[in-house]
Amino acid sequence: MSRTKEGRAKGGRAKKASRPYVICHMVPSVDGRIVTSRWDIKTKLTPEYERTAQTFGANAWMIGRVSMEPYAGKAKVPARKGGKAIPRTDFIARRDAESYAIALDPSGKLTWKSNSIDEEHVVTVLTESVSDDYLAFLQSKGVSYLFGGKTSLNLKKVVEKLTKEFGIEKLLLEGGGKINGSFLAAGLVDELSLLVAPVADGSIGTPTLFDSEDRKAPARPLKLLSVEKRAGDLVWLRYRVKA
């Protein structure tokens, strides 16, 4: 998931914006499935995925709790011994990182061993329902956290905070179907980058590229930006999401 300094240096937008430019960068099968564990070619996907990701020059990437667990580790959250209640205000441990690894973890379940992933500073997005013990744990590890709502996340509020607090201008959204679907439904995806794998998955009930729970959200029309054949019979499609 980490990005090279060379790739990050190319990032940035020409003018200030209230939120990052969001690129959903994914590797689906030709039928839109995104769980790669059954694919024989999955070991060939990562190099091309990383190479194409670097071309965007994003200074942050975002995934959900389940996908982030292998990166977070398995530290222990100790119980606090007394002390005042911790206010539900954002905690910014570092603002000068070259890049940020962002986890959507509304219930506060990730047990971080470190505040960085390959030198990229960790920011976790929580709801106010998390415990004081967990907030004290994050502070002790130097992990920055933002609150996105009381019991559920307001994604527009979250991405605006990412720009305000960390200066994030371009964000790679690399989530599961529900996270991607929630961003799309909220009108927060600006560009879609798909490395279509030469696989017909055919499974039923597994996550797809966008699994929105908002049945009233409109379908989003797209404008094709480019088509490119990549190594391993991958096809790289880029679309702009029309306003």
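A polar contact is a pair of N or O atoms within 3.5 Å, where, within protein, one atom must be able to donate a hydrogen and the other to accept it, and where residues adjacent in sequence count only if both atoms are side-chain atoms. The views below come from a predicted model, in which local features need pLDDT of at least 70 and side-chain atom pairs count only at pLDDT 80 or more, while totals for chains, interfaces and linings use all residues. Residues are numbered from 1 along each chain as its sequence is written, and side-chain values use heavy atoms, with hydrogens and water left out.

**View 1. Lys161 and its polar contact with Asp90.** Lys161 belongs to helix H5 (residues 155-166); helices (H or I, at least four residues) and strands (E, at least two) are DSSP runs, numbered from the N terminus. Lys161 is buried, with a relative accessible area of 16%, where buried means under 20%, exposed over 50% and partly exposed in between (1.4 Å probe, protein chains only). The side chains of Lys161 and Asp90 make a polar contact at 2.9 Å. Leaving aside residues up to four places away in sequence, Lys161 touches Asp90, Leu146, Phe147 and Phe166, contact being heavy atoms within 4.5 Å.

**View 2. Asp118, a residue with positive phi.** Although Asp118 is not a glycine, its phi is about 50°. Asp118 sits in the loop between strand S4 (116-117) and strand S5 (120-126), and Asp118 is exposed, with a relative accessible area of 56%.

**View 3. Asp233, in the loop between S9 and strand S10 (234-241).** Asp233 is a residue other than glycine, and its phi has a positive value near 65°.
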